[in-house]
Amino acid sequence: MEETAENQQGLLAATLQALKDKEYTLKERVKELNCLYSVSQCVRRTDISRSEIFHLLLDMIVQGYQYPDIAACRIVFENQEFCTENYVKTQWSQASPIRLKNESVGSLEVCYLQERPEEDESSFFAQERRLLDALADLIGKSTERRQAEEELTAANIKLQALWTISSLTDLDTFQIYDYIIESIAPMTNSKFGFFRLINEDESIMTIYRWSGKAMENCAIDEKPLDYPIESAGIWGEAVRQRNTFIMNDYSAPHPGKKGLPSGHVPLTRLLVVPGFLHGRITAVAAVANKETDYNENDVNQLSSFIQNVNLIINTKLSQEALEKAQAQLNRFFDVVPDLICIASADGYFKTLNPAWEKILGFTQAELMAEPFVNFIHPDDVEPTQREVERQIGEQTTIYFINRYRCKDGSYKSLEWVSAPAGKGRDLFAVARDITDRLRVDRELLINQERLLRAQSIAHIGNWEWFPPTNQLFWQEENYRIFGLPLDEPPSVEKFINTIHPEDREFAQDRIAKALRGEEPYDIDLRIIRTDGQERFIHATGEVDFDQEKNPLRFFGTVQDITERKRSEQEMQRLQTQLGHSQKMEAIGTLAGGIAHDFNNLLTGILGQASLLKIQSHSDPAVYSAADLIERTAERAAELTQQLLGFARRGKYQVQPVNINKTIADVVRLLGRTIDKRISIIQLPAPGDPAVKGDPGQMQQVLMNLALNARDAMPNGGELVFQTAIEQADQEFCLTHTGVKPGRYLEIAVSDSGQGIAPENLTRIFEPFFTTKEQGKGTGMGLAMVYGIVQNHGGFIDLESELGRGSTFRIYLPLDETQDAERTARVDETAQNGSGRILLVDDENIIRTVGTDILNSLGYSVTGAADGAEAVKIYSKEWQNIDLVILDMIMPNLNGRDCFRELKKINPNIKAILSSGYGLESRSQEILDEGVMGFIQKPYRVDQLSKIITEVLQSKKFQNSLMPTFPKQVCIS
C-alpha cells in the first residue's frame with residue numbers, strides 16, 4: 001500500500017510538473033506575441049521621430065525575451081546606434097540584419113549579460129531566435145514603408161507648394177519667400193529651413209529669413225543680412241562650388257567652416273542647394289538637423305523644388321516667361337501620347353490633355369461634364385472607387401488597370417499611375433492605353449494552342465498572376481489538375497487553400513521569396529482536390545520586376561506528377577528495406593567488440609549487486625532492489641552472450657515471453673533511474689499475450705527504446721508502452737518486405753520528445769549512426785533493436801515528426817500455444833576463503849568491484865592496471881601471492897604474454913583467465929599453457945568464489961557456463 005501511494009504521489013508530482021512546464025511555455029509564447037504586437041504598434045507611430053521610436057523599441061524588445069532582467073538590446077541603423085542603458089557586448093549575444101529593399105542597413109542585437117540558467121544549442125532558445133528575426137524584419141519593413149511614405153509626403157508637399165505658389169497671384173515676392181521657407185523643412189523631414197538670395201554677379205549672399213522654428217531657437221543679438229561669398233563659411237560653399245553641398249556631420253572639420261556666432265541655432269546636419277535660373281545662381285535654399293543623413297532623394301526634392309520656385313518667381317516677375325512656361329506645358333500636354341489628368345476629390349476631371357479625345361473619342365468638355373466613374377466599365381467601378389479612396393487618403397496608385405468606355409461604345413484598357421496632391425486634395429494621374437498590348441497577349445495565347453495541347457497530355461498547366469491587381473489567369477489544364485469546374489474563376493486564395501496543410505507554409509514562403517527575387521520558384525507540393533484526392537504537383541515560375549524591384553507579373557507552370565512520385569516513393573521504400581537488410585549484415589562483425597565492452601560494465605553492476613544482496617539480508621527493501629538490479633544485469637549479460645552468438649551466426653534461446661510482464665519489469669527499473677519529469681504510461685493488451693523469443697533480448701529492445709525516448713525529452717514528457725494484437729492481411733504484407741500473413745503482437749513505444757529530422761529517418765537503424773553528441777551514443781542501440789526484431793521473425797516501423805515525438809512499433813509473431821512463463825534462478829551460496837590475490841585488469845571499474853567482492857569473501861587484493869604492472873608487482877611479491885586473476889585484452893602487455901612472463905617467475909603459478917568474450921580459441925590457448933580456470937564477465941559473487949576455491953585447491957577447472965566457439969571465429 002505504501003509503495004502504491006508513493007507511486008501515485010510520484011505520478012501526481014510528475015503530472016503537476018508537466019502542467020507547470022506547459023504553462024511556463026505558454027506564458028513565454030504570449031510574452032513574445034505581446035512583444036511583437038507592441039513593436040508593430042510602436043513602429044507605425046507617426047507622431048514621434050524615428051530616433052524616439054528606436055529608443056522606445058529597446059525596452060519593448062528586451063521584455064519579449066525569457067530573461068529580460070539580464071538582457072540588453074542594441075539597434076544599429078544607418079550609422080546610428082541605440083542601446084539600452086545596461087548594454088555591454090557579451091559572448092551570449094545574437095543579431096539579425098535590418099534590411100531596406102533587400103539591403104542590410106543595420107542590425108538588431110540582443111545579448112544576455114550573464115550565462116542563462118538553461119541553454120538551447122546556444123545562449124538562446126529557438127523561439128527567441130525566431131522572435132529576433134521577426135522583430136528585425138518588422139523594423140526593416142516598417143522603416144521602409146515609413147521612408148516610402150516620407151518620400152511620397154515630400155513629393156506631395158513639393159507638388160502642393162508648387163501648385164500653391166503658382167496660384168498666389170496676389171502676393172508680392174517676399175510673401176512668396178515666406179511660403180517657400182516654411183515648406184522646405186517638412187519637404188526633407190528637417191527641423192529648420194533657410195532661404196538666401198544671391199545678387200546678379202554672385203558676390204553677395206543676403207539672408208532673407210529663417211524658418212519659424214529656427215527663429216524661435218536663435219539667440220544671436222546682431223543678425224547681419226549681407227555676407228560676401230568669398231568670406232562666407234559653409235553657406236558659401238554651394239555658391240563657390242556651384243553645386244549641392246551636404247554635411248551630414250556638422251561637427252567634422254572642413255576648410256570652409258568659419259564657425260557659428262554665439263547664440264546660433266545648433267546644427268547637426270546641413271544640406272545647401274543652389275537655385276539656378278538661366279545659368280545663374282539666384283538663390284540658395286538650405287535645410288538642417290534632419291534626424292537621419294541627407295541623401296540623394298533629399299537633394300532631388302529640394303533641387304527640383306528650388307528650381308521650380310525660381311521658375312515660378314521668374315514668371316511672376318516676367319509675364320513673357322510665364323507665357324513661355326505655359327506654352328511649354330501646353331506643348332508637353334499636347335505631344336505626350338499618354339492620358340494626363342487632374343481630378344478633384346469629388347470625382348470630376350479638372351484638367352485633361354488632348355490624348356483623351358484622341359483615344360476615347362469624347363471631347364474634354366464631355367469628359368469633364370459628369371463624374372469620371374460614368375465612363376468606367378461596370379465591373380471595374382468598385383475597384384476604381386477603392387483606389388480613389390486610397391489616393392484621397394494620400395496613398396499612391398501604381399499600375400492599376402481598368403477599362404474606359406469610348407464614344408463608339410467599345411472599351412479601352414488603361415494602366416494608371418496616380419498620386420494625390422495632399423489629403424483630400426486633387427489627384428494627379430497618368431494613364432496608358434494598353435488595349436493593343438492585352439490583345440497581343442491574348443493572340444499569343446491562341447497561337448500557343450498546340451503547345452497547350454501537348455502540355456495537357458503531359459498534365460502541365462500554365463498560370464499567370466499580376467500581383468499589383470491580384471489577377472490570376474489559368475490554363476484549362478490547371479482546372480483538371482486541381483479538380484475545379486471550368487466556370488469557376490481562379491484566384492491565388494483558392495490555389496493556396498488546395499495545398500496540403502502540411503505543405504502550405506512552405507509554399508507560401510517560397511512564393512514570397514520569389515516575389516522578393518531571393519530564390520527561384522521550383523517546388524514539389526501536395527494538393528487536396530475538391531473530390532478529396534491527394535495529388536502531387538511540380539510548380540515552377542518566374543517573376544517580372546519593374547525598375548524599383550516591384551513584382552509586376554508572376555508566371556509559370558504546374559504539372560501533375562502523382563504517378564511519378566508514387567513510383568519513386570515505392571522504389572525508395574523497397575530500396576530502403578533492401579538497404580536495411582544489407583546493413584544488418586554488418587552488425588555481425590561488430591557484435592563481439594560491443595559485447596566485450598558491455599560485459600566489462602556489467603561486471604561492475606552485477607558484482608556490486610551481488611555484494612549488496614549478501615550484505616542486506618536484514619533489509620528486505622534493499623535486498624529486493626539489489627535482486628532486481630542483479631536480475632536485470634543478468635538479462636543484459638544474457639544479451640551480450642547472444643550478441644556473441646549472433647556474431648558467429650549462433651542461436652538465441654527460444655521460450656514463451658510475456659511481453660506485458662517484460663514491460664512491467666522495464667518500467668519498474670526505469671522508475672528508479674529516469675527523470676521524474678517523464679511520466680511513464682502502460683497500456684497493455686488484455687490477456688497477457690506471448691511471443692516466442694529470448695526474454696533477455698526482448699527486455700534489451702524495450703530498455704533501448706525507452707532510453708532513447710528519455711534522451712529525446714530533456715525537459716520531461718510522456719513515455720508510453722502499449723501492446724495490441726494485430727492481423728497482417730495480404731495487403732499489409734505487400735507493403736512490408738518479408739512479412740507473412742498472420743496474427744502479430746504490436747508493441748508501441750511512444751514519446752512526446754523532440755522527434756527525428758526527416759533526413760535521418762532512413763538512416764536511424766544504421767550501425768554507428770547517431771544524432772547524439774560525441775561520447776553520448778554509439779549508434780548501435782537501434783541497429784541492435786532492428787537485428788533482434790528481425791531474428792525473432794518480426795519487423796519494426798517508425799513514425800516521427802520534429803517537435804511532436806516518435807513512435808516505434810514492433811510486430812512479433814504471436815505465440816498461440818501457451819502463456820509465457822519465467823524460469824526462476826536459484827542462488828548459489830558464495831564460499832569464503834583466505835589468501836592474497838593479484839587482480840589484473842585495465843578497467844578501473846573491474847578492479848574496484850573485484851576488490852570489493854574478494855575482500856567480502858575474505859581475500860586480500862592487489863590491483864594492477866595492465867600486464868606490465870602485473871609482472872612488476874609479481875616479480876617482487878610472488879611468494880606472497882596465492883592466485884592471479886588475469887584479463888584477456890589489456891594495453892602494454894596482453895593476458896597471454898603477461899601469463900608467460902609470470903610463469904617464468906613462478907612455474908607453479910595459479911591463475912584464472914577473465915574475459916568479456918566467450919571461451920573461444922585464444923582463451924583456450926592460454927588455458928592450454930597452464931591457466932587453471934576461466935570465468936566470463938560479468939559474473940556474480942557465487943560464481944567467482946566457486947572457481948577461486950576450485951583453483952586454489954589445485955583442481956583443473958573447465959567452465960561449463962560458456963560454450964567453446966570454433967577457432968575460425970576468433971575475435972581480436
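A: The model discussed here is predicted. Its largest nonpolar core holds 38 residues, and those that touch the most other members are Ile659, Leu670, Leu705, Leu719, Phe721, Ile747 and Ile810. Several elements each give two or more residues to this core: the helices are H20 (659-673), H21 (695-711) and H24 (781-791), and the strands are S24 (717-728), S25 (742-751) and S27 (805-815). Helix H21 gives the most, with seven residues.

Leaving out residues up to four places away in sequence, Leu719 touches Leu670, Ile674, Ile678, Ser679, Ile680, Ile681, Ala706, Ala709, Met713, Val749 and Ser750. Apart from this core there is a second, separate one of 30 residues, which includes Val39, Ile48, Ile53 and Val110.

Two of the contributing helices also pack against each other. The axes of H21 and H24 come within 10 Å and cross at roughly 145 degrees, and the crossing of H21 past H24 is left-handed. On the H21 side the contact involves Gln697, Met698, Val701, Asn704, Leu705 and Asn708, which meet Gly781, Leu782, Val785 and Ile788 of H24. By class, this contact has six nonpolar residues, four polar and no charged ones. Leu705 belongs to this helix contact and is also one of the core residues that touch the most other members.

Helix H26 (residues 867-877) and helix H27 (residues 895-905) have axes 9 Å apart and pack at an angle of about 10 degrees. H26 is therefore roughly parallel to H27. Gly867, Ala870, Val871, Tyr874 and Ser875 of H26 make the contact with Cys898, Glu901, Leu902 and Ile905 of H27. The residues of this contact comprise six nonpolar, two polar and one charged.

Elsewhere in the chain, Leu427 lies in strand S15 (residues 427-433). Leu427 counts as buried because its relative accessibility is 4%, under the 20% limit. Beyond its neighbours within four places in sequence, Leu427 is in contact with Cys341, Ile342, Ala343, Val388, Gln391, Ile392, Ser418, Ala419 and Pro420. Leu427 and Phe349 are 78 residues apart in sequence, with their C-alpha atoms 9.3 Å apart in space.

Most residues other than glycine have a negative phi. Arg242, although not a glycine, has a positive phi of about 55 degrees; Arg242 is found in the loop between helix H6 (234-241) and strand S8 (245-247). With a relative accessible area of 37%, Arg242 is partly exposed. Asn289 also has a positive phi, near 60 degrees, and its place is in the loop between strand S10 (280-288) and helix H7 (296-317). Asn289 counts as buried, at 15% relative accessibility.

The chain as a whole provides the setting for these parts. Its secondary structure comes to 29 helices and 32 strands, and 46% of its 972 residues count as buried. Of the contacts in the chain with a separation of 6 or more, 62% are between residues 24 or more positions apart.

Definitions and conventions:
Residues numbered from 1 in each chain as written. Predicted model: local features only at pLDDT ≥ 70, side-chain atom pairs only at ≥ 80, totals over all residues. Heavy atoms only, no water. Axes fitted to C-alpha atoms, helices over the stretch in contact; angles between N-to-C directions. Helix = DSSP H or I, 4+ residues; strand = E, 2+ residues; numbered from the N terminus. Parallel < 35°, antiparallel > 145°, perpendicular 65-115°, else oblique. Contact = heavy atoms within 4.5 Å. Nonpolar A, V, L, I, M, F, W, Y, C, P; charged D, E, K, R; others polar. Core = buried A, V, L, I, M, F, W, Y, C linked by side-chain atoms within 4.5 Å. Buried < 20%, exposed > 50% of the residue type's maximum accessible area, 1.4 Å probe, protein only. Left-handed = near helix turned anticlockwise from the far one by under 90°.
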